[in-house]
Amino acid sequence: MKSLLCLPSSNRWHYKEWCSLLMPSAPKKTATAIIDSHNDYIGELKGNQSGLLAAVVANFQPQATTQQINKGHGRIEKRTVSISHILDGIPDFPGLQTLIRVQSERLVHRATIIEVTTETRYYVASFGCISLLQIHQAES
């Protein structure tokens with residue numbers, strides 16, 4: 001996969017290869033191996049990284065936010081994507097530069113009932129600057 005990245009020393013955008021990190025039983029070793037191979041990662045935080053997840057939830061400070069609404073197949077889904085580069089209170093994790101929060105609300109029309117579900121997901125990434133549009137595409 002390719003992701004849109006911003007070089008901190010310039011205003012130019014370029015493409016770089018990146019890996020999706022599935023938070024295996026040794027996520028720090030995996031992240032280190034990805035960074036050592038000169039690639040980047042993005043990984044969803046789940047229960048197996050409960051300490052890191054709790055710290056991200058408690059300390060997340062959004063710096064940029066965007067929304068997207070998708071309609072189709074009898075449902076409407078609204079996603080709010082926020083990113084942060086503020087890592088205060090976050091445990092050390094190899095290569096970590098960006099925190100991402102995706103809040104989604106889904107309305108599904110079933111006969112005469114509208115079912116509403118909400119979900120919040122958190123991600124860690126080794127990118128210093130990423131396009132919110134790219135996150136939306138990865139989420140879709």
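How many helices and how many strands does the protein chain have? The protein chain has three helices and seven strands. Here helices (H or I, at least four residues) and strands (E, at least two) are DSSP runs, numbered from the N terminus. This is a predicted model, in which local features need a pLDDT of at least 70 and side-chain atom pairs count only at pLDDT 80 or more, while totals for chains, interfaces and linings use all residues. Residues are numbered from 1 along each chain as its sequence is written, and side-chain values use heavy atoms, with hydrogens and water left out.

**Confidence**

- The term pLDDT stands for the predictor's confidence in each residue, from 0 to 100.
- The average pLDDT of the protein chain is 77, and 73% of the residues score at least 70.
- Among the elements, helix α2 (residues 50-59) has the highest mean pLDDT, 92, and strand β1 (residues 2-6) has the lowest, 37.
- Over residues 1-21 the pLDDT stays under 50. For this stretch the model has 56 contacts beyond four places in sequence, where contact means heavy atoms within 4.5 Å.

**Overall layout**

- Read from the N terminus on, the order of the elements is β-β-α-β-α-β-β-β-β-α.
- Of the contacts in the protein chain with a separation of 6 or more, 51% are between residues 24 or more positions apart.
- The protein chain has 140 residues, and buried residues make up 36% of them. Buried means under 20% relative accessible area, exposed means over 50%, and partly exposed lies in between (1.4 Å probe, protein chains only).
- The accessible surface comes to about 8,200 Å², and 53% of it belongs to carbon and sulfur atoms. Accessible areas come from the Shrake-Rupley method with a 1.4 Å probe; for residues, only the protein chains shown count as cover.

- In helix α1 (residues 27-36), the buried residues are Pro27, Ala31 and Ile34. Seen down the axis of α1, these residues fall within an arc of 60°, so they line one face of the helix. The arc is that of the directions from the helix axis to the C-beta atoms.
- Lys29 and Asp36 are exposed residues on the face of α1 turned away from its buried side.
- In helix α2, the buried residues are Leu52, Ala55 and Val56. Their arc, seen down the axis of α2, is within 100°, so they too line one face of the helix.
- The buried residues of α2 pack against β6 and β7.

**Nonpolar cores**

- A nonpolar core is a set of buried Ala, Val, Leu, Ile, Met, Phe, Trp, Tyr and Cys residues joined through side-chain atoms within 4.5 Å.
- The largest nonpolar core has 14 residues, and Val56 and Val124 touch the most other members. Two or more residues of this core come from each of α1, α2 and β7 (113-125). Helix α2 gives the largest share, three residues.
- Another core lies apart from this one and has eight residues, among them Val81, Val102, Tyr123 and Phe127.

**Loop residues**

- His38 lies in the loop between α1 and β3. Its phi is near 65°, a positive value in a residue other than glycine. His38 is exposed because its relative accessible area is 66%.
- Ala111 lies in the loop between β6 (98-110) and β7. Ala111 is not a glycine, yet its phi is positive, about 55°. Its relative accessibility is 85%, so Ala111 counts as exposed.
- His73 sits in the loop between β4 (64-72) and β5 (75-84). With 77% relative accessibility, His73 counts as exposed. His73 and Val108 are 35 residues apart in sequence, and their C-alpha atoms are 8.8 Å apart in space.

**Buried polar residues in strands**

- Asp40 belongs to strand β3 (residues 40-44). Its relative accessible area is 7%, so Asp40 is buried.
- The side chains of Asp40 and Ser126 are joined by a polar contact of 2.8 Å. A polar contact is a pair of N or O atoms within 3.5 Å; within protein, one must be able to donate a hydrogen and the other to accept it, and residues adjacent in sequence count only if both atoms are side-chain atoms.
- Ser104 is part of strand β6 and is buried, with a relative accessible area of 8%. A polar contact of 3.5 Å links the side chains of Ser104 and Arg121.
- Beyond its neighbours within four places in sequence, Ser104 is in contact with residues including Glu77, Arg79, Thr117 and Arg121.
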